[in-house]
Amino acid sequence: MRLDFSGGRALVTGAGKGIGRGTVKALHALGAAVIAVSRTNTDLVSLSEQCPGIETVCVDLGDWEATERALGSVGPVDLLVNNAATLQTQPFLEVTKDVFDRTFNVNLRSVVQVSQIVARGLIQRGVPGSIVNVSSMVAHVTFPNLAVYSSTKGAMTTLTKVMAAELGPYKIRVNSVNPTVVPTAMSQKVLTDPDFARKLKERHPLGKFAEMEDVVNSILFLLSDRSASTSGSGILVDAGYLAS
């Protein structure tokens with residue numbers, strides 16, 4: 001299934017590392033004009049070297065006013081990938097206000113704000129579009145010490161459906177991908193205990209965690225016209241974990 005995003009303009013948040021970075025590289029290779037958003041400028045510099053011609057925006061999406069200044073006049077965007085996220089492990093009884101607020105601001109509130117900016121532009125232009133929210137399988141299952149992070153992803157599941165319902169009449173599709181553990185720096189925070197990591201992997205019927213390419217391919221599918229009748233849905237990239 002050959003995908004071609006030539007002529008389209010895509011915005012990817014959390015583009016500096018991991019899934020976001022992989023998505024930028026894939027979209028760039030498939031012909032899209034890409035706007036890469038990250039709060040770490042060194043990541044954007046190195047990404048620009050790997051993907052000549054991309055636009056970069058350095059902003060902390062946890063800051064509403066700074067995000068509005070940085071992206072409010074970003075111009076026409078056809079495709080949006082809301083990937084930015086932060087993860088700090090805390091047992092439920094030790095959850096702090098600072099971690100709660102920061103996690104919800106980055107993981108969920110920024111999805112609302114950036115999606116509003118992009119959707120309003122699409123509606124004004126009268127063109128269809130596609131939004132993909134990068135969620136997690138912990139929207140559906142519990143992991144120890146992830147009360148706040150999991151809550152943001154559970155809320156994202158409902159937000160995705162609401163966005164799909166309200167934006168559908170404007171021909172804007174909204175979906176999510178929900179991966180299991182992926183070999184990124186963020187996921188390693190959950191796998192500090194080797195015994196837990198081993199047991200967790202064994203619970204996956206396919207006997208493995210997801211590869212980043214698997215997640216990126218699902219994002220590309222949902223962005224593309226190949227999924228033209230899919231909206232309000234979530235693709236589990238979980239190696240069968242929820243079936244176990």
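## Close-up views of a predicted model

**View 1. Thr-86 and its neighbours.** In this predicted model, Thr-86 is in contact with Arg-102, Thr-103, Val-106, Asn-107, Tyr-149 and Met-186, leaving aside residues up to four places away in sequence. You can find Thr-86 in the loop that runs between S4 and H4. Is Thr-86 buried or exposed? Its relative accessibility is 16%, so Thr-86 counts as buried, the cut-off for buried being under 20%.

**View 2. The largest pocket.** Stay with Thr-86 for a moment, as this residue returns here among those closest to the centre of the largest pocket. The volume of this pocket is about 900 Å³. Its lining is made up of 42 residues, and the closest to the centre are Asn-83, Ala-84, Ala-85, Thr-86 and Met-186. Which helices and strands each supply at least two residues of the lining? They are H1, S2, H4 and H5. H1 gives the most, with three residues.

**View 3. The largest nonpolar core.** In soluble globular proteins, nonpolar side chains tend to be buried together. Here, the largest nonpolar core has 31 residues, and those that touch the most other members are Phe-5, Val-24, Leu-27, Ile-219, Leu-220 and Leu-223. At least two residues of this core come from each of these elements: strands S1 (9-13), S2 (33-38), S4 (79-82) and S5 (129-134), and helices H1 (18-29), H2 (41-50) and H7 (212-223). Which element gives the most to this core? That is H7, with six residues.

**View 4. Helix H2, with a buried face.** An α-helix has 3.6 residues a turn, so residues three or four places apart point the same way. With that in mind, look at H2, where Asp-43, Leu-44 and Leu-47 are buried. Seen down the helix axis, the buried residues of H2 fall within an arc of 95°, so they line one face of the helix. Thr-42 and Glu-49, on the other side of H2, are exposed. What do the buried residues of H2 pack against? Their partners are H1, S2 and strand S3 (55-58).

View 5. Helix H3 covers residues 64-71, and its buried residues are Ala-66, Thr-67 and Leu-71. Down the axis of H3, these residues fall within an arc of 105°, so they too line one face of their helix. Look to the other side of H3 for Glu-65 and Arg-69, which are exposed. The buried residues of H3 pack against S1, S2, S3 and H4.

**View 6. Helix H5 from end to end.** Buried residues of H5 include Val-148, Tyr-149, Met-156, Leu-159, Met-163 and Leu-167. The buried residues of this helix pack against helix H4 (97-125), S5 and strand S6 (172-179).

**View 7. Two residues with positive phi.** Most residues other than glycine have a negative phi, and most peptide bonds are trans. Lys-171 has a phi near 65°, a positive value in a residue other than glycine. This lysine is found in the loop between H5 and S6, and it is exposed, with a relative accessible area of 59%. Ala-239 also has a positive phi, of about 55°, and is not a glycine either. Ala-239 is found in the segment after S7, and at 10% relative accessibility it counts as buried.

**View 8. Ile-235 in strand S7.** Ile-235 lies in S7, a strand of residues 234-237. At 25% relative accessibility, Ile-235 counts as partly exposed. Which residues does Ile-235 touch, not counting residues up to four places away in sequence? They are Ser-176, Val-177, Asn-178, Ser-218, Phe-221 and Leu-222. Ala-32 is 203 residues from Ile-235 along the chain, and their C-alpha atoms are separated by 23 Å.

Methods
Residues numbered from 1 in each chain as written. Predicted model: local features only at pLDDT ≥ 70, side-chain atom pairs only at ≥ 80, totals over all residues. Heavy atoms only, no water. Core = buried A, V, L, I, M, F, W, Y, C linked by side-chain atoms within 4.5 Å. Buried < 20%, exposed > 50% of the residue type's maximum accessible area, 1.4 Å probe, protein only. Helix = DSSP H or I, 4+ residues; strand = E, 2+ residues; numbered from the N terminus. Contact = heavy atoms within 4.5 Å. Arc of directions from axis to C-beta. 1 Å grid on protein atoms, 1.4 Å probe; cavity = no way out; pocket = protein on both sides within 12 Å on 5 of 7 lines; lining within 4 Å. Points joined across faces, edges and corners; volume = space filled by probe spheres on them.
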